[in-house]
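User: Please examine the model shown below and answer a series of questions on its contacts and secondary structure.

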Amino acid sequence: MELGDRMLRALLSGLGRKGGTRGWAFSSWQPYLPLAGLLSATEVVSHWTAVFEKRGIPEAQASSEYIVAHVLGAKTFQSLRPVLRTQPLSPWQLQHVQKLSSYRLQRMPVQYILGEWDFQGLSLKMAPPVFIPRPETEELVEWVLKEVTQSSCPMGAQGGPLILEVGCGSGAISLSLLSQLPQSRVIAVDKGEAAICLTQENAQRLRLLDRIQIVPLDVTLEGSWSHLLPWGPMDLVVSNPPYIFHQDMEQLAPEIRRYRKNEARRGKMPGPRSCRALARRLGLRPYSRLCCESSCSQTRAEN
């Protein structure tokens with residue numbers, strides 16, 4: 001065994017003694033970190049990467065880097081100043097890294113652990129059980145922006161498009177569109193109370209509350225669309241609903257099964273067909289757009 005490994009193992013029990021963090025022990029072994037002043041940020045990343053790999057945690061190195069960077073006040077490990085990567089961590093920093101890493105060992109998604117995530121250049125609060133925006137969702141936003149900016153047709157009474165988002169979740173789509181389309185207005189609806197609250201909080205953080213109406217609404221219920229009629233014809237309807245079928249539930253990663261509400265996944269989701277029906281009922285303007293992300297299997301099932 002190399003000297004470094006012997007020193008690391010000799011110190012692993014240090015934080016488990018009096019005054020340490022005994023509560024973060026696990027069944028196979030205790031992934032405690034050495035005492036403060038002995039490990040740099042780079043070494044802590046290496047340590048927790050090894051722990052995550054041993055436990056079969058996906059994206060072990062990326063998870064470790066995000067957690068350590070977050071504790072050190074950065075978005076990414078690569079953005080840390082070189083001096084912060086090499087100087088020893090304080091006792092509080094080591095304990096904080098250990099606490100957050102213990103959540104990852106329980107398969108909590110990194111976005112929930114950090115409590116925030118960047119989307120289209122915006123820093124959004126993230127919290128379970130609200131769905132985390134997928135990378136493909138950024139592509140949907142970019143496609144919508146391209147459609148709006150290249151359109152030669154007049155939109156909205158105030159010079160910008162009136163947009164309806166069905167299933168707003170964290171508000172990622174709505175707030176991204178508002179931030180990049182200064183004259184746009186958005187009506188964001190979701191059936192989940194947690195999603196409504198999270199969209200509200202993110203809109204407030206980004207100072208966009210004056211241009212968004214956030215409405216608790218289940219559009220799959222008969223007649224629910226009538227609540228949206230007072231806002232008038234929509235220029236754009238966009239939706240990125242969670243598209244997971246009941247028969248696929250057991251194949252999902254623990255990050256999804258454990259931390260995202262069953263009702264949000266198993267309930268009747270507004271797929272392409274229901275979004276088109278809603279758009280017709282709301283009376284889209286001529287040359288308006290309907291943008292809905294879905295899986296290929298869901299699209300085939302509805303058509």
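**Contacts, pairs and bridges**

Glu165 touches Ile173, Ser174, Ile187, Ala188, Val189 and Val238, where touching means heavy atoms within 4.5 Å and residues up to four places away in sequence are not counted. This is a predicted model, in which local features need pLDDT of at least 70, side-chain atom pairs count only at pLDDT 80 or more, and totals for chains, interfaces and linings use all residues. Residues are numbered from 1 along each chain as its sequence is written, and side-chain values use heavy atoms, with hydrogens and water left out.

User: What is the distance of the polar contact between the side chains of Glu165 and Ser174?
Analyst: Glu165 is found in strand β3, residues 162-166; strands (E, at least two residues) and helices (H or I, at least four) are DSSP runs, numbered from the N terminus. At 2% relative accessible area Glu165 is buried (buried is under 20%, exposed over 50%, partly exposed in between; 1.4 Å probe, protein chains only). A polar contact is a pair of N or O atoms within 3.5 Å; within protein, one must be able to donate a hydrogen and the other to accept it, and residues adjacent in sequence count only if both atoms are side-chain atoms. The side chains of Glu165 and Ser174 are joined by such a contact, at 2.4 Å.

User: Is Ser40 buried or exposed?
Analyst: Ser40 is found in the loop between α1 (3-11) and α2. Leaving aside neighbours within four places in sequence, Ser40 is in contact with Arg85, Thr86, Gln87, Pro88 and Leu89. Its relative accessible area is 8%, so Ser40 is buried.

User: What kind of aromatic pair do Trp48 and Phe52 form?
Analyst: Rings of Phe, Tyr and Trp (its six-membered ring) pair if their centres lie within 6.5 Å; planes under 30 degrees apart count as stacked, over 60 as edge-to-face and the rest as tilted. Trp48 and Phe52 are separated by about one helical turn because they are four residues apart in helix α2 (residues 41-54). Trp48 is buried at 1% relative accessibility, and Phe52 is buried at 0%. With 5.8 Å centre to centre and 40° between the planes, the pair is tilted.

User: Which residue in β2 stands opposite Glu116?
Analyst: Strands β1 (residues 116-119) and β2 (residues 122-125) pair in the antiparallel sense over four bridges, pairing being defined by at least two DSSP bridges. They form a hairpin with two residues between them, and Gln120 in the turn has a positive phi of about 55°. Opposite Glu116 stands Lys125.

User: Which residue forms a salt bridge with Lys125?
Analyst: A salt bridge is a side-chain nitrogen of Lys or Arg within 4 Å of a carboxyl oxygen of Asp or Glu. The closest N and O atoms of this pair are 3.1 Å apart, and the partner of Lys125 is Glu201. Lys125 lies in strand β2 and Glu201 in helix α9, so parts 76 residues apart in sequence are tied together.

User: Which residues are linked in a network of salt bridges?
Analyst: Lys75 forms a salt bridge with Asp118, with the closest N and O atoms 3.2 Å apart. Another salt bridge joins the side chains of Arg205 and Glu116 (4.0 Å, N to O). The network links Lys75, Glu116, Asp118 and Arg205.
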